Amino acid sequence: MDGQTAAETLDAAQLGAELGERATLVQFSSAFCQPCRATRRTLAEVAGMVDGVAHVEIDAEAHLTLVRRLGIARTPTVLVLDAAGTIVRRAAGQPRTADVVAALGRAM
């Protein structure tokens with residue numbers, strides 16, 4: 001997978017949850033990932049502060065087809081989707097609140 005030629009788009013069926021009205025924070029996690037817990041809190045906090053933003057957490061081990069298709073190599077990995085479900089930002093590791101807010105600003 002190249003990832004650079006065309007923007008990848010995700011929909012509610014692929015995520016197992018509805019997209020946010022303005023943007024969606026998608027978190028790929030795994031069961032024994034300590035940074036995933038902190039990431040969950042950060043993303044839930046940001047989603048709670050910004051109207052129209054949803055936070056969706058996906059168990060990477062239970063969704064291996066999607067993980068492979070998107071080239072997710074580690075957890076946590078966070079994808080920021082715009083209102084149409086297009087991936088506009090992606091980051092691996094535990095994000096800082098300010099970085100998540102900045103990424104959302106570019107998505108909306």
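Across the whole structure, a search finds three salt bridges, a salt bridge being a side-chain nitrogen of Lys or Arg within 4 Å of a carboxyl oxygen of Asp or Glu. The model is predicted, so local features need pLDDT of at least 70 and side-chain atom pairs count only at pLDDT 80 or more, while totals for chains, interfaces and linings use all residues. Residues are numbered from 1 along each chain as its sequence is written, and side-chain values use heavy atoms, with hydrogens and water left out.

**First stop.** Select Arg69 and Glu8, whose side chains form a salt bridge with an N to O distance of 2.7 Å. This pair links distant parts of the chain, 61 residues apart: Arg69 belongs to helix α3 (residues 64-70), and Glu8 to the segment before α1 (12-15). Helices (H or I, at least four residues) and strands (E, at least two) are DSSP runs, numbered from the N terminus. Arg69 is partly exposed at 31% relative accessible area, and Glu8 is partly exposed at 26%. Here buried means under 20% relative accessible area, exposed over 50%, and partly exposed in between (1.4 Å probe, protein chains only).

**Second stop.** Next, select Arg40 and Glu57, a salt bridge in which the closest N and O atoms are 2.6 Å apart. Arg40 lies in helix α2 (residues 34-49) and Glu57 in strand β2 (residues 53-59), so the bridge ties together parts 17 residues apart in sequence. Arg40 is partly exposed, at 35%, and Glu57 is partly exposed, at 31%.

**Third stop.** Finally, select Arg96 and Asp99, whose side chains meet in a salt bridge of 3.0 Å, N to O. Arg96 is exposed, with 55% relative accessibility, whereas Asp99 is partly exposed, with 37%.
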